[in-house]
Amino acid sequence: MTDTPLQRLLPQIIDDLAGQGWSRQIHVLPETLTHELAAECRKRAREGALTPAGVGRGQGLAVREGIRGDSIQWLEHGQSAPGDRYLQALDELRQALNQAFFLGLEDFECHFACYPPGAFYQKHLDRFRDDDRRTVSAVYYLNEDWRAEHGGALRLYLPDEAELDVLPAAGTLVLFMSAELPHEVLPASRERLSITGWFRRR
């Protein structure tokens, strides 16, 4: 396994997920990689490669801006060097989660997500009713110099009825159990970039 900040954070991530079902970590990947991923997301957006995200799946998939307002494009191996480095890091995390929890996580899928100013995503769960493969959600933020007054927090609804707001600051990784934590994306006053993904079991 590559010696990265993420590797050194693995014990804390595993403790967090075991104890509370979520983990928030900062400075997870090298700053240069985070910057390159942000630049790639913006480049794809400029080129029109990001498309409005839908709600639901299969034949029920539909774009509903009153529910979510981001545009996305899936990351695949071989598209870019920064993307491949990110996918490699998250695959190493997948292996560590399997070792710790015996989850049977088989793969990791993720997409760039760009929220224009004012866009949001209403409260939801990440696991589909008819497909239980999504097991652990992972959101990595790419927004440099983000301040609280910009808004755009990820709001997690915790089991004890508390709410946790996570600012989408560059280098922050949020992990949580996909079937257990409802969450929403609050509107922001500036463009908001992330890589959103899911570790999936067989």
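How much space lies in the second largest pocket? About 220 Å³. This is a predicted model, where local features need pLDDT of at least 70 and side-chain atom pairs count only at pLDDT 80 or more, while totals for chains, interfaces and linings use all residues. Residues are numbered from 1 along each chain as its sequence is written, and side-chain values use heavy atoms, leaving out hydrogens and water.

**View 1. The second largest pocket and its lining.** On a 1 Å grid over the protein atoms alone, a pocket is an open set of points where a 1.4 Å probe fits, with protein on both sides within 12 Å along at least five of seven lines; lining residues have an atom within 4 Å of a point. Volume here is the space filled by probe spheres set on the points, which are joined across faces, edges and corners. Trp-74, His-77, Asp-91, Phe-108 and Arg-200 are among the lining residues. At least two residues come from each of α3 (81-101) and β4 (105-115), and β4 gives the largest share, with 5. (Helices are DSSP runs of H or I, at least four residues, and strands are runs of E, at least two, numbered from the N terminus.)

**View 2. Helix α2 against α3.** Here the axes of α2 (residues 31-46) and α3 come within 9 Å and cross at roughly 125°. Axes are lines fitted to C-alpha atoms over the stretch in contact, with angles from 0 to 180 degrees between N-to-C directions. So α2 is oblique to α3, a word for whatever is left once angles under 35 degrees (roughly parallel), over 145 (roughly antiparallel) and 65 to 115 (roughly perpendicular) are set aside. Look for Leu-33, Glu-36, Leu-37 and Glu-40 in α2 meeting Pro-82, Gly-83, Arg-85 and Tyr-86 in α3; contact means heavy atoms within 4.5 Å.

**View 3. Helix α1 against α3.** Now α1 (residues 5-20) packs on α3 at about 45°, with the axes 10 Å apart. That makes α1 oblique to α3. On the α1 side, Leu-6, Leu-10, Ile-14, Leu-17 and Ala-18 make the contact, and their partners in α3 include Ala-89, Leu-93 and Phe-101.
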